[in-house]
Amino acid sequence: MNCNKCGSNNVNIQVINEQKLVTKHHGLIWWITIGWWWIIVKWLFLTIPALIFAIFVGKRKKIKNIQKKIAVCQNCGNTWNI
Ligand SMILES: [Zn+2]
């Protein structure tokens, strides 16, 4: 692999881990089939809200690991994504 800036082939490839917090959103079909009565059921159970809400929200958030490869030119210091 050659650097696209200086043309040197003295290039290091590094793998970095990126963490992203992903919130899942429900689609339109979910709202039509489940969403409307699920909201009602949720309101009925508001007597124990904190616990249910915490579990419900907690499940919707996931930590996603994204591996990124970055090339670093040892000659001029140029970095770019692969
Ligand atoms: Zn370079």
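Predicted model: local features only at pLDDT ≥ 70, side-chain atom pairs only at ≥ 80, totals over all residues.
## Asn78 and the zinc site

A polar contact of 2.8 Å links the side chain of Asn78 to that of Asn4. Confidence is highest in strand β3 (residues 79-81), where the mean is 91, and lowest in helix α2 (residues 49-60), where the mean is 70.

Asn78 is placed in the loop between β2 (61-73) and β3, and apart from its neighbours within four places in sequence, Asn78 touches Cys3, Asn4, Lys5, Ala71, Val72 and Cys73.

Two of these contacts of Asn78, Cys3 and Cys73, also belong to the zinc site, in which the ion is coordinated by the SG atoms of Cys3, Cys6, Cys73 and Cys76 at 2.3 to 2.4 Å. Because the angles between the four donor atoms run from 108 to 112 degrees, the arrangement is tetrahedral. Cys6 comes from the segment before β1 (11-23) whereas Cys73 belongs to strand β2, so this pair ties together parts that are 67 residues apart in sequence.

| Residue | Relative accessibility | Class |
|---|---|---|
| Asn78 | 15% | buried |
| Cys6 | 36% | partly exposed |
| Cys73 | 2% | buried |

Cys3 and Cys73 are also members of the largest nonpolar core, whose five residues include Val11, Ala71 and Trp80 as well. Val11, leaving out its neighbours within four places in sequence, is in contact with Met1, Asn2, Cys3, Ala71, Val72, Cys73 and Trp80.

Key:
Residues numbered from 1 in each chain as written. Heavy atoms only, no water. Core = buried A, V, L, I, M, F, W, Y, C linked by side-chain atoms within 4.5 Å. Buried < 20%, exposed > 50% of the residue type's maximum accessible area, 1.4 Å probe, protein only. Contact = heavy atoms within 4.5 Å. pLDDT = per-residue confidence, 0-100. Helix = DSSP H or I, 4+ residues; strand = E, 2+ residues; numbered from the N terminus. Polar contact = N/O pair within 3.5 Å; in protein donor to acceptor, adjacent residues only side chain to side chain. Donors = N, O, S within 2.8 Å, 3.2 Å for Na, K, Ca; no water. Tetrahedral: all angles 85-135°; square planar, octahedral: opposite > 155°, others 65-115°.
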